[in-house]
Every structure is written in C-alpha cells, then in structure tokens.
Amino acid sequence: MRFISESPESRYSIISYNGLNIFLDTNDFSSESIQKAQSFCALHNYATKRANAVYFLRGTTKQVDYDKILVGILEAETLPIQLNEIVHCLTFWNQEGEGCFQINGKDGQTYSEFILKCILSDCQVFVEPYSELFITGRGGDHVWVSHKDFDQRILIIHF
C-alpha cells in the first residue's frame, strides 16, 4: 500500500538551532524541551555535521522522559514524501512506547531494544511499497533508511 501522509513541516513546530531545523511536537513546545533538543544536538554535534533536520518528537498527548526519547536525524537534503509517516511514528513510539513495552516486552529485553525493533518494523512497512527507491535496516543502536541506488543515508533513528 502506498501511503503519503502529512509533511512534518505542516504538522510540527520548528525551531532553528545554529542553522539546523529541530522539529518538536506542538503540545511539547516548552522552553525545557527546546533546551533539551538543543543540548541533544550539541552533544552529537548535529548542527555542524551531516544533519539537515532533527525530529525531537516526544509525543502529543503525553511525552516520554527526555532520557528515553527516540530521535530522527535527517541526513539527506530533504525528506522524501514517501517517508513522512516514519517521522510520525517517532511521535507514536515516544508517546506510547513505555506502555507497549510493559505489555509486549520480552524477558531480558531492554526498552531501547524493544523500541528499535518496533521502529524498524514501521520503517520496513513504509519502505516496502517503494523498495525500488529505499532500503532500511538496523545497525546496533540505530535504525536507518537509505536511497537504494545512491548509497546515501536519508534518515537515522536513535536514542
């Protein structure tokens, strides 16, 4: 099924940090979240290398703790519209991840392992209809989506 959802630009609040766009859930647009998002970008040096946008989306109706946030990093110049829904999945897993983990997590599995497995499954679902264009996978502590023919990473998702 080919499904194109709303663009992140039209759905989330955006702040600029050293020329880098940081996307925040509109209901989470607080000075604390802005400061935490900027600190996250500074910690990983995203404002000066490889990143074109950061999706720091903690949830709309409830927000995950800052130390458990799953973040998306746009490395490509722009996000292909076919991948919009993957960004929206970040909001879902950050909002509902803890509850899902309590119900479906396996013995010995960490929260981050569970959530990375879930976001990888989402990426596979949304990439599959466009398998001639994109590929996705998991590398240890992150999930990635790349252009198939250009060997260029588009999106990386990690804690």
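Among contacts in the chain between residues at least 6 apart in sequence, 57% join residues at least 24 apart. The model is predicted. Its chain has 159 residues, for which a compact globule would have a radius of gyration near 15 Å; the value for the chain is 15 Å, which agrees. The C-alpha trace spans about 40 × 40 × 25 Å along its principal axes. Buried residues make up 51% of the 159 in the chain.

The secondary structure consists of four helices and seven strands. Read from the N terminus, the order of these elements is α-β-β-α-β-β-α-α-β-β-β. Seven strands form an open sheet with mixed pairing, in the order S1-S2-S3-S4-S7-S6-S5. Strand S1 (13–17) and strand S5 (134–138) are the edge strands, each pairing on one side only. On average, and with direction ignored, neighbouring strands of this sheet are turned by 20° against each other.

Two helices that pack on the sheet are described here. Helix H2 (residues 31–43) packs on the sheet and touches S1, strand S2 (20–24), strand S3 (53–56), S4 and S7. The direction of H2 makes about 135° with that of S2. Helix H3 (residues 84–104) also packs on the sheet, where it touches S3, S4, strand S6 (142–147) and S7. The angle between the direction of H3 and that of S7 is about 10°.

Strand S7 takes part in pairings with S4 and S6. Strand S4 (residues 71–74) and strand S7 (residues 152–158) run antiparallel and are joined by four bridges. Within S7, Ile-156 stands opposite Ile-73. The pairing of S6 with S7 is likewise antiparallel, over six bridges, and His-147 has Gln-152 in S7 as its bridge partner. S6 and S7 form a hairpin with four residues between them. In the turn of this hairpin, Asp-151 has a positive phi of about 50°. Five of the seven residues of S7 are buried, so this strand is largely enclosed by the rest of the structure.

Helix H4 (residues 111–127) has 17 residues, and at 1.5 Å a residue these should span 24 Å; the end C-alpha atoms of H4 are 24 Å apart, which agrees. The buried residues of this helix are Tyr-111, Phe-114, Ile-115, Leu-116, Cys-118, Ile-119, Leu-120, Asp-122, Cys-123, Phe-126 and Val-127. The cover over these buried residues of H4 includes H3, S5, S6 and S7.

One of the buried residues of H4, Phe-126, is also in contact with Gln-82. Gln-82 lies in the loop between S4 and H3. Its relative accessibility is 19%, and because buried means under 20%, Gln-82 counts as buried. When residues up to four places away in sequence are not counted, Gln-82 touches Ile-4, Phe-126, Tyr-130, Leu-133 and Phe-134.

How values were computed. Residues are numbered from 1 along each chain as its sequence is written. This is a predicted model: local features need pLDDT of at least 70, side-chain atom pairs count only at pLDDT 80 or more; totals for chains, interfaces and linings use all residues. Side-chain values use heavy atoms; hydrogens and water are left out. Two strands pair if DSSP finds at least two bridges between them. Axes are lines fitted to C-alpha atoms, for helices over the stretch in contact, and angles run from 0 to 180 degrees between N-to-C directions. Contact means heavy atoms within 4.5 Å. The radius of gyration is taken over C-alpha atoms; the globule rule is 2.2 Å times the number of residues to the power 0.38. Buried means under 20% relative accessible area, exposed over 50%, partly exposed in between (1.4 Å probe, protein chains only). The expected span of a helix is 1.5 Å times one less than its number of residues.
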